[in-house]
Amino acid sequence: MAAGLAPSAPDYPAIEALMSKILLIAIAFAAAYWLLRNHRRRAGRRPDRDMQRPADPQTEDMVDCAHCGVHLPRGEGIASGSRYFCSAEHEREFRPEH
Ligand SMILES: [Zn+2]
């Protein structure tokens, strides 16, 4: 058939259109998959954060006075080098040199 050559020519734009559609669908799927992965990662991290949050204030943010040993939040303590004090008086009393 002479028409045997003809179908190949109109087929190209059809294939290109199909390819572009497949590409778009593939990109859409990849984007959806990527978004789902990110959502799952964020959702998976939340329980870990909730588990660590109650522990952090006690272990990291609590310090004890180097003079009397009282526990207090780091924000309320007076920092002197690597030591913390409950009050300025205890900071002075702990340094006999000055
Ligand atoms: Zn103290």
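Figure 1. Start with the overall picture: the protein chain contains two helices and four strands. Read along the sequence, these elements follow the pattern α-β-β-β-β-α. The chain has 98 residues, and 6% of them count as buried. Among contacts between residues at least 6 apart in sequence, 10% join residues at least 24 apart.

**Figure 2. How confident is the prediction?** The mean pLDDT of the chain is 79, and 67% of the residues reach 70 or more. Where is confidence lowest, and where is it highest? Helix H1, residues 8-59, has the lowest confidence, with a mean of 76, while strand S4, residues 83-85, has the highest, at 94. A word of care for your reading: where pLDDT is low, the predicted coordinates should not be read in detail.

**Figure 3. Glu-93, a residue of helix H2.** Here you are looking at Glu-93, which sits in helix H2. Is Glu-93 buried or exposed? Glu-93 has 12 C-beta neighbours inside 10 Å, so this residue counts as exposed. Now find His-67: along the chain, Glu-93 and His-67 are 26 residues apart, yet their C-alpha atoms are separated by 7.7 Å.

Figure 4. Arg-95 lies in the segment after helix H2, which spans residues 88-94. With 14 other C-beta atoms within 10 Å, Arg-95 is partly exposed.

Figure 5. Asp-61 belongs to the loop between H1 and strand S1, residues 62-64. Because 13 C-beta neighbours lie inside 10 Å, Asp-61 counts as partly exposed. Look across to Pro-73: Asp-61 and Pro-73 are 12 residues apart along the chain, and 5.6 Å separates their C-alpha atoms.

**Figure 6. Gly-75, in a loop between two strands.** Gly-75 is found in the loop that links strand S2 (71-73) to strand S3 (78-80). Why is Gly-75 called exposed? There are 7 other C-beta atoms within 10 Å, so Gly-75 is exposed.

Terms used: Residues are numbered from 1 along each chain as its sequence is written. This is a predicted model: local features need pLDDT of at least 70, side-chain atom pairs count only at pLDDT 80 or more; totals for chains, interfaces and linings use all residues. A residue is buried if 20 or more other C-beta atoms lie within 10 Å of its own, exposed if 12 or fewer, and partly exposed in between; C-beta atoms are placed from the backbone. Two residues are in contact if their C-beta atoms, placed from the backbone, lie within 7 Å. pLDDT is the predictor's confidence in each residue, from 0 to 100.
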